[in-house]
Amino acid sequence: MTQPGFLSNAGVSEREAEVLALVSQRLSNAEIASRLFISTRTVESHVSSLLRKLGMSDRRALAGAAATLAEADNRLATRAASPSLPSPLTSFVGRTDERTAVADALARHRMVTAVGPAGVGKTRLALAVAGDISGRYPDCAWYVDLVPVTDATMVGAAVASAFGFGEQPGRTPTDTVVAKLAGAEALVVLDNCEHLVDGVTTFIERLLSACLKVTVLATSRVRLQVPFESVFPVPGLSLDEAGGRGDALALFVERAAMAGWSSPYADDRRRLAAICAELDGIALAIELAAARLTTFGLDGLEAGLADRLGLLAGGPRLDDRHRSVRSALDWSFGLLDERDQVVLRRVSVFAAAFTSTAAATVAGQAPLMPGEVAGALARLADHNLLVVVPAPGGTRYRMLETIRQYGAERMVEVGERTEVGGSHVRWCLTTAARLEAAEGDISADFDEVADDLRAGLGWAIGQPLRRADAHELAGRLAELTFARGMPSEAQRRFEEAATLAADPAEAARDLHLGAAVAWGRGAGNEAVRLYRAAADEARRAGDQRRAAVELATAAELVLHAPGVMSELASPGERQALLDEAWTLAFGDPYVEAAILNVVGFQDERDPQSSELIERAVELARRVGDARLESSTLDSLTGLQLARGEYDGAAATVRRRLELLTPRAHEVEMAWEYTDALHMACVVYVAAGNLEAARHYAQQRRELPFFRETDHLAVAWLLTTAADAGEFDEVVDLAFQFRRGWIEAGRPPMSGFAFAAAAAAMVYGIRGDDEARREWLAILTEMLRAAVPAVSGTPAYMHVFGGLVALHRGELDDALALLTDAPESFNHWQWHDGVWRQWYTALWAEVAVLAERADRHERIERARFIVAHNPIASAIVDRAEAIDAHDGEGLLAAAAALDAAGCRYQCARTLVLAGGESRAEGEAIMTAIGATPMTT
């Protein structure tokens with residue numbers, strides 16, 4: 001095993017580490033090139049470099065060593081989550097042979113299931129083995145307790161949450177887990193799988209097929225029957241009744257000593273061994289008996305257990321073990337006073353660890369008083385029937401699954417399941433409402449109760465008299481999961497709420513919110529489906545206006561966000577949606593605003609577009625719909641950018657942010673707020689205000705929704721750093737962007753491809769043509785046909801490509817990229833307006849450097865166009881100073897660029913100024929990693 005930092009100490013770059021990880025999988029150069037989206041030639045270069053740096057003689061030796069050397073992208077990502085195995089509160093006793101056997105099985109099989117009856121000690125054995133062999137796995141052992149999970153469809157989400165993997169837009173939690181662990185060498189322990197067999201098997205099959213170096217150790221009362229499963233039956237603890245030895249006795253003695261017992265008689269060990277044999281070596285039964293030894297003494301313990309166990313003669317051995325633990329539980333339960341029995345039954349309704357306050361609320365009904373519950377909890381913990389869990393917010397209590405099921409059975413027997421279930425649901429509703437009203441980050445508080453909220457909802461759905469509670473709880477859980485960064489569950493809960501709604505109007509509202517979530521998480525087709533469903537429910541409710549607005553919103557999505565559609569809308573679908581909406585509510589100002597928002601933005605070159613959109617803005621404001629007003633302001637911003645109205649666009653985006661910021665936490669407004677921050681970056685980059693653009697880019701990155709989506713989170717930070725000349729920062733951000741994009745499945749994302757172009761520009765100026773080609777290939781892939789083809793090449797490609805050509809003195813290439821007159825932007829897309837002023841400045845400068853006859857005309861035309869961008873204006877001033885051989889003018893331009901935070905352009909200007917300034921500019925170029933500039 002290599003020491004941390006070995007690869008970096010050997011000079012291995014992150015890109016080379018990625019290649020090394022795939023070499024270890026015995027992939028060919030072509031396969032590696034396809035996986036990493038680089039050329040085969042580049043792979044060959046990296047392999048040669050690795051052989052040299054690591055002192056290997058050939059590729060076979062490299063592959064053999066790679067398993068212990070590679071620390072690639074996914075390894076870095078998985079380590080960031082700091083996985084750890086839970087620390088048991090008591091020591092693990094014995095089972096030397098079983099630990100060895102399970103460890104050996106895991107060395108031979110990628111899937112091992114420890115199977116055995118309740119209480120036999122499967123969990124403790126699995127944790128002990130995981131601790132023993134964690135060193136085999138460079139990416140650690142990961143543990144997931146599935147006891148609190150009550151819904152088989154939530155297995156992937158439970159694993160992602162346990163591993164600290166936030167959800168990514170357009171992907172399920174299972175997708176995220178698979179992507180994060182794709183290159184990892186890790187052991188995944190899935191504990192207590194028996195009640196979720198279908199969900200667990202689906203998850204494991206996906207995990208093992210996609211993550212070739214991941215091994216799974218599961219515990220279950222039944223085998224899971226998945227491919228490659230090796231089953232290990234967990235026996236009871238070893239017994240040696242005659243000799244007074246064995247693991248079972250060792251466990252009994254240790255646990256009894258913890259309870260304060262000590263044995264003065266030599267014969268006690270033999271008698272205790274006999275009790276262990278009666279309990280079939282079942283660990284849980286032994287611990288329950290040991291906890292009572294100080295109270296009853298050995299004589300009382302023998303008599304009590306003998307009476308209970310004597311009823312169980314005969315039967316298969318496995319059945320005996322089931323009966324043994326049940327008998328021990330019956331005996332322990334029978335020794336409790338009535339108050340403690342009531343509490344044990346009632347708190348079994350909790351799916352996860354709970355506080356004494358929560359227990360008092362749910363269990364503190366007649367014949368108990370709420371104040372009696374806390375004492376009962378302490379006594380139950382003393383008798384090993386509850387586990388005390390220290391937590392930052394105070395002590396919590398947890399039931400072992402076997403005891404929880406026992407308590408639930410007892411609760412049904414006495415006929416109080418409905419009453420206690422109702423109390424639990426009321427507690428869930430109160431808790432959910434409190435969390436919704438809380439200010440600040442509720443993540444930790446939500447995580448502590450989330451499984452109970454889900455369990456309460458699952459029970460309430462099956463109770464006809466609890467339909468209203470189920471509807472309310474589904475809606476609240478949807479809101480909370482969205483706030484927690486779990487949009488796929490939020491969408492599902494909103495759809496679930498719609499099925500529980502008392503009337504069509506409520507269902508329409510739930511479906512509308514589900515559609516908003518789907519849009520925000522990049523599931524455009526699902527959003528259109530839900531908007532249509534919401535319209536149908538609104539029609540059933542007799543609300544023609546609501547139905548029309550839902551249809552118009554679906555049309556808006558088809559127009560504004562084709563990039564989030566997995567399947568493009570059919571030709572004419574947008575118009576059909578608008579026609580249907582208009583038919584439903586002709587003349588309604590609300591509907592008119594929604595329709596004008598779509599119609600007015602269909603062609604930004606139409607002179608009437610601004611008038612239509614401005615009317616839509618006014619109508620939306622008048623009818624008081626903040627989401628619709630935000631959307632119309634977004635359309636207006638796009639039109640203003642397309643027409644070069646930069647001050648107006650900045651004012652509009654500020655107005656939109658003022659509208660949304662107080663409500664950014666709301667489900668319906670969250671996507672609008674995210675998009676408003678995106679548009680703020682767009683507008684301020686267009687205006688050459690890099691400080692403001694970076695401010696909004698950082699705000700956007702910090703949104704919970706984007707914490708796990710590196711490519712979306714850092715796109716604008718990368719681009720503003722490139723514009724500013726902070727090239728080292730760009731390299732770091734480009735690595736994050738590329739990793740996130742690959743993990744997301746390399747989606748076509750034309751709306752964010754500008755970041756790939758910015759990265760390619762930086763590598764081009766740094767002289768790393770290999771990396772530049774890789775980024776240009778990524779750019780091409782991101783622009784592949786996911787949306788209808790647009791005329792021309794995106795403007796940023798001309799800008800960034802032109803900057804590289806000018807830096808290298810490749811004037812013919814620069815002229816070819818910067819040949820169209822700036823006025824031709826009227827024939828490009830609205831988002832090309834971001835780069836109009838940048839393009840225009842370079843268009844003027846290349847004419848001067850190439851000594852074109854029209855250079856003076858270009859400068860004059862450019863000066864008018866770039867007036868709203870200080871960086872572009874300084875570049876035009878520089879062009880004019882170059883043409884006039886005006887040294888003072890060049891220094892003034894350099895000062896202006898420095899003040900605007902444009903480090904690279906400032907250095908370029910100083911180099912062009914010559915003399916002492918040239919040396920200063922070249923020093924800056926060296927500092928940012930740029931190659932010497934050709935002048």
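Contact, in these exercises, means heavy atoms within 4.5 Å, and the model to which the term is applied here is a predicted one.

**Exercise 1.** Work out whether the end-to-end span of helix α44 (residues 887-899) agrees with its number of residues.

*Solution.* Begin with the count, which is 13 residues for α44, and take 1.5 Å a residue, so that the helix should span 18 Å.

**Exercise 2.** Find which residues of α44 are buried, and determine how they are placed around the axis.

*Solution.* The first step is to list the buried residues, namely Gly889, Leu890, Ala893, Ala894 and Leu897. These residues cover an arc of only 140 degrees around the axis, and therefore they lie on the same side of α44. The next step is to look at the face turned away from that buried side, which carries the exposed residues Glu888, Asp898 and Ala899. Finally, ask what the buried residues pack against: the partners are α43 (870-884) and α45 (903-913).

**Exercise 3.** Describe what is found at the start of α44 and what follows the helix.

*Solution.* At the start, a side-chain oxygen of aspartate 886 comes to within 3.2 Å of the backbone nitrogen of glutamate 888. After the helix comes glycine 901, whose phi is positive, near 75 degrees.

Methods
Residues numbered from 1 in each chain as written. Predicted model: local features only at pLDDT ≥ 70, side-chain atom pairs only at ≥ 80, totals over all residues. Heavy atoms only, no water. Helix = DSSP H or I, 4+ residues; strand = E, 2+ residues; numbered from the N terminus. Expected span 1.5 Å × (residues − 1). Buried < 20%, exposed > 50% of the residue type's maximum accessible area, 1.4 Å probe, protein only. Arc of directions from axis to C-beta. Polar contact = N/O pair within 3.5 Å; in protein donor to acceptor, adjacent residues only side chain to side chain.
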